[in-house]
Amino acid sequence: MMNDKRLYEVLVRPHVSEKTAIGAEMEGRHAFRVASDATKIEVRLAVEKIFDVSVRSVQILNVRGKNKRFGQINGKRSDWRKAIVRLAEGQDIDFMNIEG
């Protein structure tokens, strides 16, 4: 079992976009930015404990940062890890009323 400190380190923040908002509304799928070393089991336990919901499935993918130019200087945005969490039927996460 993970300690509580690790639970809060696994989930970095919710990833909100137009696509994830539609997924949350229609299919109960919520996206999170997670730690680069997070596993599916850790994400499942963290979401279940922090938001008091039951998780049906977790998908994790690595998002590669884009190459960008700043004037004549080439730069690169950071790579990050995204978890898509599907909740059990009839469950939802309300980010507006979270205390913490």
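Histidine 30 is buried, with a relative accessible area of 6%; here buried means under 20% relative accessible area, exposed means over 50%, and partly exposed lies in between (1.4 Å probe, protein chains only). The model is a predicted one, in which local features need pLDDT of at least 70, side-chain atom pairs count only at pLDDT 80 or more, and totals for chains, interfaces and linings use all residues. Residues are numbered from 1 along each chain as its sequence is written, and side-chain values use heavy atoms, with hydrogens and water left out.

Histidine 30 belongs to strand β2, which spans residues 29–34. Helices (H or I, at least four residues) and strands (E, at least two) are DSSP runs, numbered from the N terminus. Leaving out residues up to four places away in sequence, histidine 30 touches Ala24, Ala83, Ile84, Val85, Leu87, Asp92, Ile93 and Phe95, where contact means heavy atoms within 4.5 Å. With one of these residues, aspartate 92, histidine 30 makes a side-chain to side-chain polar contact of 3.3 Å. A polar contact is a pair of N or O atoms within 3.5 Å; within protein, one must be able to donate a hydrogen and the other to accept it, and residues adjacent in sequence count only if both atoms are side-chain atoms.

In soluble globular proteins, nonpolar side chains tend to be buried together. The largest nonpolar core of this model has 18 residues, and those with the most contacts inside it are Leu11, Phe32, Val43, Val47 and Val85. At least two residues of this core come from each of α1 (4–10), β2, α3 (40–51), β3 (55–63) and β6 (80–87), and α3 gives the most, with 4 residues. Such a core is a set of buried Ala, Val, Leu, Ile, Met, Phe, Trp, Tyr and Cys residues joined through side-chain atoms within 4.5 Å. Apart from its neighbours within four places in sequence, valine 47 is in contact with Leu11, Phe32, Asp52, Val53, Val55, Val85 and Ile93.

Aspartate 52, one of the contacts of valine 47, lies in the loop between α3 and β3. Aspartate 52 is exposed, at 69% relative accessible area. Most residues other than glycine have a negative phi, and most peptide bonds are trans. Aspartate 52 has a positive phi of about 55°, although it is not a glycine.

Charged side chains come next. The model has 6 salt bridges, a salt bridge being a side-chain nitrogen of Lys or Arg within 4 Å of a carboxyl oxygen of Asp or Glu. In one of them, aspartate 37 pairs with arginine 6, their closest N and O atoms being 3.3 Å apart. This pair links distant parts of the chain, 31 residues apart, with aspartate 37 in the loop between β2 and α3 and arginine 6 in helix α1. Arginine 6 counts as buried, at 17% relative accessibility. Another salt bridge brings together arginine 29 and glutamate 27 (3.4 Å, N to O); arginine 29 is partly exposed at 31%, and glutamate 27 is partly exposed at 41%. Lysine 76 and aspartate 79 also meet in a salt bridge (2.7 Å, N to O).

Arginine 29 is also touched by threonine 20, whose contacts include His15 and Ala31 as well, not counting residues up to four places away in sequence. Threonine 20 sits in helix α2 (residues 18–27) and is buried, at 16% relative accessibility.
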